[in-house]
Amino acid sequence: MTTILELRISGMTCPHCARTIEQALERLPGVLHAEIPDWQTQRAVVTVEGNSPNIEEIRAAIAHAGHGYRLEGWSVLHHTEKQEPPASSTAAADPDLVIIGGGSAAFAAALRARELGFRCLIVNDGLPPGGTCVNVGCVPSKALIRAAEAHHRTAHHPFAGIRSSSTVEDFPALIGQVQALTDELRQHKYLDLLDGQHIVFRTGRAQLSGPTSIQLGDEIITARAVLIATGSRTAVSPIPGLADGPYLTNETLYHLTKLPEHLLVLGGGYIGLENAQAFVRLGSRVTVLELQPQILPQEDPDIVEALSQYLRDEGIDIRTNTRLVQVAWNEGSVVLTCEHRGRTYQLEGSHLLVATGRRGNTDDLGMEVLGITTDRQGFLQVDETLRTAVPTVFGAGDVIGYPPFVYTAAYEGQLAAENALLGRHQVRDYQALPWVVFTDPQLAAVGLNERQAQAAGLAYETSVLPLSEVPRAVVSRDTRGFVKLLRDPGTDRLLGARILAPDGGELVTELTLALRYEIPVSELARLFHPYLTWSEAVKLAALSFTKDVHQLSCCAG
């Protein structure tokens, strides 16, 4: 017998208080797990086995933990009798949560539910377990990007007296290595987590059949709640002729067995740009077509202009303000009819990659009968607690739209599981959300850019530090890019950051912590940063608000 209790505890004033009480509770015989996700809620979730400990023992443990902690009340969230494991991994034993979809959000929700003592059934159709990230997104793209980077840097290093060369002699072998990695991670990070008891996985097309149930084939499965985590796919515009041939998306690109001679990329967002640079470095001719006046349309012009020039320097043909009018397919080639500022022309290539945004996978889920809605791009509409119009049906991950990151999908899956199974209404929090575009140099960001600060009517000032002032960049002989910080001039609080630098993604976490915990920019400037590390760029950018770093000696501030 397992019981999940929610405890109301007074006296907590910080995260350390929460950890102290968790440790005190977990020392009690019979306590399987104790967790206080947020001390400010003054709530703890405790999973106990059998009839021990009793409430008085729990009350005493909390009081003895010190600092005036006190049990103010308690309630039973869930109670289960011990059941034998299912005979096979395809049969669920009374699931508490049914999850439609099998990617990061789905597995994060299932793991969180298991931690809390609940049972889950994952029903997946489409991509293999792991969803977009491990199969056709983050993992294969970054693996290919790193391979292309190694090849490029070997052949184009800046150091005197050293001659080296690199050749792509077996493209299928490279793709095979990429796919072997996705297979390995799918098994290790997803399939190996299925225990057949608390997390059961089934393959099939599920539809909602009620507020707490799904239909899978001829079977109706009922739970306490349902989570929709079906992900997204490439949004393909109805351009004449496009659907008549073998255009590529992220779901097919990493299965190519021949290096494209001329890759045409439709879309100048992060997917298009990352792949454009990887393939031009591997030896393809690459042309990027973007409808808007600039690539990465939401970003400030200074960032975009610099990145655009770096990509063009490597041979990528970037054409903005360009509308695709028609597609014609020939044997071994594709011809695009394009329009640029009123002029129509044709462009021929060997392959066409469509990277024009995303669309939610919400077709044929039976949502309409329950009054659950989507937006024009098919993204599931949820509130801030991830509930749909039906309070027992939740959404998480790419299927709900922005933000489209695997780490936010996992966060949303965990939050949805907690809200669904514990009856909570905790809201999602993207207050300090970092992201990275894996071009070279990388574009890493957190918080507001200038456009967003202006739109919000905020007073701000900027610091722009060129990498030519960063010792690590100088000794690496690669000074492409800059660090740009926005701060509130009245409070010295960081409002946002944009980093255009090799491995810029490794710098953004410090700035994310500063943004979330309102660390003054002046404190970043005073903090020790080891000399000749990339992190020193953050210190120098912070110093640049008040000093001319060009006039400073090494490490002076």
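Helices (H or I, at least four residues) and strands (E, at least two) are DSSP runs numbered from the N terminus.

Some ground rules on the numbers: residues are counted from 1 along each chain as its sequence is written, and side-chain values use heavy atoms, with hydrogens and water left out. Since the model is predicted, local features need pLDDT of at least 70 and side-chain atom pairs count only at pLDDT 80 or more, while totals for chains, interfaces and linings use all residues.

Not counting residues up to four places away in sequence, Leu380 touches Ile228, Thr362, Met367, Ile372, Thr373, Thr374, Thr388, Phe394, Gly395, Val399 and Ile400, where contact means heavy atoms within 4.5 Å. Asp364 itself sits in the loop between strand 20 (358-360) and strand 21 (393-395) and, at 56% relative accessibility, counts as exposed. Neighbours within four places in sequence aside, Asp364 is in contact with Arg205, Ala206 and Gln207.

Next come the salt bridges, of which the structure holds 34; each is a side-chain nitrogen of Lys or Arg within 4 Å of a carboxyl oxygen of Asp or Glu. In helix 1 (residues 15-26), Arg19 and Glu22 lie 3 residues apart, about one turn of the helix, and pair up with their closest N and O atoms 2.8 Å apart. Arg19 is partly exposed at 34% relative accessible area, whereas Glu22 is buried at 12%. Helix 5 (residues 138-155) has a pair of its own, Arg153 and Glu149, 4 residues apart, with an N to O distance of 3.4 Å. An α-helix has 3.6 residues a turn, so residues three or four places apart point the same way. Here Arg153 is partly exposed at 35% relative accessibility, while Glu149 is buried at 12%.

Arg153 also meets Asp440 in a salt bridge (3.3 Å, N to O). Asp440 lies in the loop between strand 22 (435-437) and strand 23 (442-447) and Arg153 in helix 5, so this pair ties together parts that are 287 residues apart in sequence. Asp440 is buried, at 5% relative accessibility. Through shared partners, salt bridges join Arg146, Glu149, Arg153, Arg281, Glu314, Asp440, Asp478, Arg480 and Asp503 into one network.

Helix 14 (536-543) is largely enclosed by the rest of the structure, because 8 of its 8 residues are buried. These residues pack against strand 24 (461-466), helix 11 (471-476), strand 25 (482-487), helix 12 (508-516) and helix 13. In the loop between helix 13 (521-526) and helix 14 sits Tyr531, which is partly exposed with a relative accessible area of 37%.

Gln294, in the loop between strand 14 (285-289) and helix 8 (301-313), is buried at 14% relative accessibility. Thr249, for its part, lies in the loop between strand 12 (232-234) and strand 13 (262-266) and is buried at 11% relative accessible area. Beyond its neighbours within four places in sequence, Thr249 is in contact with Thr234, Leu353 and Val354.

Technical notes:
Buried means under 20% relative accessible area, exposed over 50%, partly exposed in between (1.4 Å probe, protein chains only).
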